[in-house]
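Dear colleague,

Please find below the structure that I am handing over to you. My findings come after it.

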Amino acid sequence: MQNKILEVRNVSKKYGKKEVLRNVSFVIYSGEIVGLVGPNGAGKTTLMAIIAGLIRNYEGNIYIDGRNIKEGSVEKKQVGCVIESPGFYPNLTGYENLKFFSKIFGNVNDSEINEVVKLLGLEKVIYQKTVKYSMGTKQRLGIAQAVLGDPRLLVLDEPTNGLDPNITPVVRNFLKDIVRKKSIGILISSHVLSEIEAICDRVLFIRNGEVIEEVNLNQENKTSVSYIFETNSVEDLVKFFEARGIKAIIEGEGKIKVVITSEMFENLLPQIVQKGIIVKGIYKQKISLEERFIKKMEGKIIE
Ligand SMILES: Nc1ncnc2c1ncn2[C@@H]1O[C@H](COP(=O)(O)OP(=O)(O)O)[C@@H](O)[C@H]1O
Ligand SMILES: [Mg+2]
C-alpha cells in the first residue's frame with residue numbers, strides 16, 4: 001500500500017453566498033501525478049490555494065503526510081507550488097531568485113539548486129535577469145522554485161497557461177522522474193485535458209466546485225473497448241471468438257463487433273491471421289477522455 005501524501009476531506013469554500021467548492025474529497029498517493037481538470041471558474045485555483053496553505057478560511061480538512069495543515073506550522077516546506085503566474089524579481093537573475101526563495105524555506109544548499117537547474121535545462125539562462133525570460137523559461141524557473149526544499153507535494157496551477165499547449169518534454173520528464181524518485185505527490189491543473197493527459201496517472205474532473213468524476217489513466221489499457229472487424233469470412237471469425245468465450249455481434253455486412261481489452265486484442269490478432277481468416281479492416285471504438293470530459297462539462301458553466 002502506498003503512502004497517502006495528500007488527503008482532501010470534505011473541503012467546501014464560500015465567497016460570500018457563493019459556494020465555490022462543495023465537499024471536495026480525494027487522495028494523492030506517493031509517486032502519483034494527479035490532474036485536476038475543469039472549465040474556467042470550476043474552483044481549481046481556489047482548491048489549490050487552500051491545499052498550498054494560501055487560503056486559510058475553508059470548511060473540511062486537508063492532511064499532508066497525515067498531518068492536518070490547520071495544526072500550526074511545520075519546520076519543513078510541505079508544499080511547493082506555482083499558482084497563477086510565478087512571481088520573480090525581474091532585476092535579479094534566475095539563480096538569485098532561487099536563492100531568495102530557498103532561503104525562505106530553510107536550508108537549501110547550492111548543489112541542490114544546481115542539480116534542479118540542470119535537470120530543468122536552465123543552465124544557459126540561470127545567470128540572466130528574469131526580466132529577459134520567455135514564458136517557458138519562467139515556467140521552468142517556477143517549477144525549480146517549487147521543488148527546492150524537498151516538499152512532499154507539488155501543486156502546479158495551469159502550468160501551460162500562456163505557453164504552447166503542452167507541457168514540454170523537459171518538464172514532463174523532470175516531473176515524472178522526481179515524483180517517483182522522491183516519493184512525493186503532484187497535483188497539476190488545466191482547463192484543457194489534452195494538455196496534461198500525457199503526464200497524469202489519474203485525472204479528477206471538477207465542475208462548479210465539485211469533483212464529478214475520476215479516471216485512472218494507467219488502467220485504460222485494461223479497460224475493454226469495442227473492436228469492429230471487417231472481414232470476408234464473418235462466420236469463421238464469429239466461430240473463432242465464440243470458441244474463446246467471446247461474444248461476437250454482427251454489425252452489418254462483413255462486420256462483427258467484439259468487446260475485449262487491448263491486451264486480448266494483441267494476443268488474438270496473430271491467431272486470427274494464422275487461421276487464414278482475412279481481416280480487411282479493424283476499427284477501435286473508444287470514448288476518448290476528451291469526449292467523456294466534454295460530455296460531463298457541457299451545460300452549466302459559472303461566470
Ligand atoms: N477572491 C475571490 N472572491 C470572490 N470570488 C472568487 C474569488 N476567487 C475566485 N472566486 C470565484 O470562485 C470561482 C472559482 O474560481 P477559481 O478557483 O479561480 O476557478 P478556476 O481556477 O477553476 O478557474 C469563480 O466563480 C470565481 O469567480
Ligand atoms: Mg484557475
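The notes below cover the cysteines, one arginine and a pair of helices.

Please bear in mind that this is a predicted model.

Cysteines. The structure contains zero disulfides. A disulfide requires two cysteine sulfur atoms within 2.5 Å. The cysteine sulfur closest to that of C81 belongs to C200 and lies 18 Å away, so a bond is ruled out by distance. For C200, in turn, the closest cysteine sulfur is that of C81, again at 18 Å and too far for a bond. C200 is also buried, its relative accessible area being 5%.

Arginine 152. R152 sits in the loop that joins α4 (135-147) to β7 (153-156). With a relative accessible area of 18%, R152 counts as buried, because the limit for that class is under 20%. Leaving aside residues up to four places away in sequence, R152 is in contact with I5, I64, D65, K77 and Q78, and also with K182, S183, I184 and G185.

Helix pair. The crossing of α4 past α5 is left-handed. On the α4 side, the contact is formed by Q139, R140, I143 and V147, while α5 contributes V171, F174, L175 and I178.

Yours sincerely

Methods
Residues are numbered from 1 along each chain as its sequence is written. Chains are lettered from A and ligands numbered from 1 in the order in which they are written. This is a predicted model: local features need pLDDT of at least 70, side-chain atom pairs count only at pLDDT 80 or more; totals for chains, interfaces and linings use all residues. Side-chain values use heavy atoms; hydrogens and water are left out. Buried means under 20% relative accessible area, exposed over 50%, partly exposed in between (1.4 Å probe, protein chains only). Helices (H or I, at least four residues) and strands (E, at least two) are DSSP runs, numbered from the N terminus. Contact means heavy atoms within 4.5 Å. A crossing is left-handed if the near helix is turned anticlockwise from the far one by less than a right angle, and right-handed if clockwise.
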